[in-house]
Amino acid sequence: MPNRSECEAVVRQLWPYLDGAVSESQRERIVAHLEGCVNCASHFDFAQSFLDAVAAARPHLPANEVLRVRVMSALMAEGFEAQ
Ligand SMILES: [Zn+2]
């Protein structure tokens, strides 16, 4: 059973990981954790499918708009409810 501090470390890498901005060793550590941790895997699945849906719906989204969507989705992943 993964411990909580490991989960926090992995979730902090969520966006850099999805951007391909983590090192190979970090990536392997994250992938290994996700295979054994349903809770973190659901965070990553949500974020990835959210980005895919945004990219599919609005392929020419300006960069600042992408950033705003990312911030919102990160907040929602933490349990924040958009009004
Ligand atoms: Zn975890």
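Me: How do I read the numbering and confidence here, and which element has the lowest mean pLDDT?
Reply: Residues count from 1 along each chain as its sequence is written, and side-chain values use heavy atoms, without hydrogens or water. Being predicted, the model has local features only at pLDDT of at least 70 and side-chain atom pairs only at 80 or more, while totals for chains, interfaces and linings use all residues. The chain averages a pLDDT (the predictor's confidence in each residue, 0 to 100) of 85, and 93% of the residues score at least 70. Among the elements (DSSP runs: helices H or I of at least four residues, strands E of at least two), helix H3 has the highest mean, 95, and the lowest, 78, belongs to H5.

Me: Is Cys37 buried or exposed?
Reply: Cys37 sits in the loop between H3 and helix H4 (38-57). Its relative accessibility is 7%, and His33 also has 7%. Since buried means under 20%, exposed over 50% and partly exposed in between (1.4 Å probe, protein chains only), Cys37 is buried.

Me: How many residues apart in sequence are the parts tied together by Arg29 and Glu6?
Reply: Their side chains meet in a salt bridge at 3.0 Å, N to O, inside the limit of 4 Å between a Lys or Arg side-chain nitrogen and an Asp or Glu carboxyl oxygen. Arg29 lies in helix H3 and Glu6 in helix H1 (residues 4-12), so the parts tied together are apart in sequence by 23 residues.

Me: Which helix holds both Glu24 and Arg27?
Reply: This pair forms a salt bridge of 3.1 Å, N to O. Glu24 is partly exposed at 46%, and Arg27 is partly exposed at 35%. They are three residues apart, about one turn, within helix H3.
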